[in-house]
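I opened my notebook today to look around a new protein.

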Amino acid sequence: MTYKIRNYSYFWKNFFGVARIVIIGAGAAGCFCAVLLKRRFPQVQVLLLEAGPEPMKKLSLTGGGRCNITNSFEHVRSVDEAYPRGAALMRRVLRAFGPDQTISWFEAEGVRFTLQEDGCYFPLSQDASQIVRTLSRAMARSGVELRCRSAVRRVDALPGGGFRICGDLFTVDAGQVVVTAGGSVRRGFLSFLDPLGLEQVPPVPSLFTFNVGESALRALSGTVAGKVKLSIPGTRFSASGILLLTHWGFSGPAALKLSSCAARWLSEALYCTPLRVNWLDISQQDCRSALETLQGAHPLKTCANARIEALPHRLWEALLGYAGIGLHLRWKDLPQPALNRLVLTLTDFPCAMAGKYPHREEFVTCGGVALSEISPRTLGSKRFPSLFFAGEVLDIDAITGGFNLQAAWSTAQTVAMSLKID
Ligand SMILES: Cc1cc2nc3c(=O)[nH]c(=O)nc-3n(C[C@H](O)[C@H](O)[C@H](O)COP(=O)(O)OP(=O)(O)OC[C@H]3O[C@@H](n4cnc5c(N)ncnc54)[C@H](O)[C@@H]3O)c2cc1C
């Protein structure tokens, strides 16, 4: 039987016979899953359909082109902190295939890694294309059949079991299907799954930076505050870490982490909300003690010259201004009410988010196929036992630091190990 894929014919052997697997989406999860499946079942055809002109386009851009491939998890308190959505499922799949296994797998393929102080793993080459080449080589060696420019438009369940997968110029029937189409906030992105009637959690962006209206802060563009707590007042959402002041507002780990934790809430608030900054991530009492120590140690120095070292000079001076304290005032002359104002400015600084950064820069999508549809043990559909999901297409997403790619590796591995061939 002959199937047309784009402008050439594709001869699909054993059309109604031996089990075969179709994977939809050749990103990190799809390519990794394809290699594992083909190594596990060398005799089975594994067809990988990719909408774009080449596989792993996004993977090649990760980590600013360096690919933050995973994380040691040493700097997060729990899996819940790393995965605002999907933590319970991630705990399970990480037990089977976690960061150590990811590193070992790629090392066995010849990649060497470096572990940064912040727990992020990068290839020693600092080159994401090395990871893409490694997976491409492994796919070619194991015999994965990759078809690019083959966007899937529709997946239907066949009455006797299996699925019919249709693109613009091809139709393929498959015994087992793995969906690894990634995530997007684009309207109708997962509409090819609609015929199956699976519940989808509406997609919204995650991991974006904040447009902050405060012009005096924007003037501090390029300033880095090392340990900040950024929060949304009146909610449970807060995030600690480095904050980067930019010409449009806030970026850096603290802002990205908050955008992740509060992704859906912020979408509903249309990205306009009051914010609070604790510039030192300490209590008001500890802040007061630190200022009194400073006052005692440097009574004759000006408030601008003797500062809390954790804050860069330019930011410290700006914050003194917000507290209404003259830069030339000596510490010994600082009146109590001014000290009180400084404590509040340092620990509970009010500002407002006035939108996301206007240029599209979201790194991941919050939402996707609802986890209630999926068996957490196999990542197979509860309604269609031979339909599986891995990667960002699931309603799983993480903060920055390599956790999102780890989700792709772990879920792909679980699917590859769960899928059964009769
Ligand atoms: C700029 C950027 C940098 C990032 N950096 C990091 C990082 O350093 N570390 C980290 O952990 N995470 C990072 N991420 C997130 C990470 O890249 C993703 O979470 C991860 O790539 C998800 O892998 P995936 O295979 O599930 O999806 P994807 O990589 O998105 O792959 C999905 C594939 O499916 C294809 N597809 C979609 N629909 C169809 C269809 N209908 N038919 C056929 N094919 C289809 C797409 O074309 C795509 O190739 C970054 C993301 C971005 C955008």
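Here are my entries, from the ground rules to the domains, the ligand and the barrel.

**Ground rules.** This is a predicted model, where local features need pLDDT of at least 70 and side-chain atom pairs count only at pLDDT 80 or more, while totals for chains, interfaces and linings use all residues. I number residues from 1 along each chain as its sequence is written.

**Domains.** I looked up the domain assignment (bounds come from an automatic or database assignment) and found domain 1 (2-205 + 363-418) and domain 2 (209-361). Their centres, taken over C-alpha atoms, are 40 Å apart. Six residues of domain 1 are in contact with eight of domain 2; contact means C-beta atoms, placed from the backbone, within 7 Å.

**Ligand.** I found 35 residues around the ligand, and the closest are G25, G27, G63, G182 and G391. A residue counts as near if its C-beta atom, placed from the backbone, lies within 6 Å. Which helix gives the largest share of this shell? It is α2, with six residues. Helices are DSSP runs (H or I, at least four residues) and strands are too (E, at least two), numbered from the N terminus.

**Barrel.** I traced six strands closing into a barrel in the order β14-β17-β16-β15-β18-β19, with antiparallel pairing. Two strands pair if DSSP finds at least two bridges between them. Strands β15 (residues 224-231) and β18 (residues 272-278) are joined by three bridges. I also noted that K229 has N278 in β18 as its bridge partner.

Note on methods. Two residues are in contact if their C-beta atoms, placed from the backbone, lie within 7 Å.
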